[in-house]
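My notes follow in the order in which I checked them.

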Amino acid sequence: MKLTTTLLPLLLSSLATSSSLSFFGSNQQVLDDDLKVPGDNPLEFCAKSDDFILTINNVDLEPNPPLPGKTLTIKAKGNFTEEVEQGAYVVLVVKYGLIRLINQQADLCEQMKSAVDEECPLIGEKTITKDVDLPKEIPPGHYTVSADVYTEDHVKVTCLTASIKF
């Protein structure tokens, strides 16, 4: 439930902790270089858009690929070009193969506060660093993750996806 600057750590860390699994693996696949999120990570934008409220400058994972039982450090930097206020939300879907493990909507501002100590409204340049302890037992298989972030008025803030094979 966590992913610029503030959204990525939020989404990444909640995924890593939310079902005792991580969506990262040693065989990261980037499907389209034009959609790749800048930095050392397996993330892609869901679509090309200059209209997103959040411009992600870069996201780095250490280590990349993440390792089961180790601490993952997420460093992200980005810019909110418009104010994102209370009522913003994240729609998160995690699949293991064809099986949907997580399909939920979460309050963005609550998640940002608890995950990276950022409060709404979100505006301007943000730099976030978040450490996530990954579980030792990560089932082998193909994971896909998507996170769509919207304002209270349903305007898209950003949209991210990752496809990983353990």
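**Disulfides.** I started with cysteine 109 and cysteine 120, which form a disulfide with their sulfur atoms 1.9 Å apart; I counted a disulfide as a pair of cysteine sulfur atoms within 2.5 Å. This pair links distant parts of the chain, with cysteine 109 in helix H2 and cysteine 120 in the loop between H2 and S7, eleven residues apart. Helices (H or I, at least four residues) and strands (E, at least two) are DSSP runs, numbered from the N terminus. The angle about the S-S bond of cysteine 109 and cysteine 120 is -95 degrees, and the link is left-handed.

I then looked up accessibility, where buried means under 20% relative accessible area, exposed over 50%, and partly exposed in between (1.4 Å probe, protein chains only). Cysteine 109 is buried at 4%, and cysteine 120 is buried at 14%.

How many disulfides does the structure hold? I found two. The other pair is cysteine 46 and cysteine 159, with sulfur atoms 2.2 Å apart. Cysteine 46 sits in the loop between strand S2 (43–45) and S3, and cysteine 159 in strand S9, 113 residues apart, so this pair too links distant parts of the chain. The torsion about the S-S bond of cysteine 46 and cysteine 159 is about -90 degrees, so this disulfide is left-handed. Cysteine 46 is partly exposed at 33%, whereas cysteine 159 is buried at 3%. With bonded cysteines counted along the chain, the pattern is 1-4, 2-3.

**What I am reading.** The model is predicted: local features need pLDDT of at least 70, side-chain atom pairs count only at pLDDT 80 or more, and totals for chains, interfaces and linings use all residues. Residues are numbered from 1 along each chain as its sequence is written, and side-chain values use heavy atoms, with hydrogens and water left out.

**Salt bridges.** Side chains of opposite charge can pair when their charged atoms come close. I searched the whole structure and got five salt bridges, each a side-chain nitrogen of Lys or Arg within 4 Å of a carboxyl oxygen of Asp or Glu.

Which residues are linked in a network of salt bridges? They are Lys113, Asp117 and Glu119. Lysine 113 pairs with aspartate 117, the closest N and O atoms being 3.1 Å apart, and with glutamate 119 at 3.0 Å, N to O. Lysine 113 is partly exposed at 39%, and aspartate 117 is exposed at 57%.

I also noted a salt bridge between glutamate 118 and lysine 126, at 3.2 Å, N to O.

**Backbone.** Aspartate 117 came up again, with a positive phi near 55 degrees in a residue other than glycine. Aspartate 117 is in the loop between H2 and S7. Histidine 154 also has a positive phi, about 70 degrees, and is not a glycine. Histidine 154 lies in the loop between strand S8 (142–150) and strand S9 (156–165), and is exposed at 56%.

Last, I looked up cis peptide bonds. One joins cysteine 120 and proline 121, with omega about 5 degrees; proline 121 is in the loop between helix H2 (108–116) and strand S7 (122–133). Another runs from glutamate 62 to proline 63, with omega near 0 degrees. Proline 63 is in the loop between strand S3 (54–62) and strand S4 (71–84).
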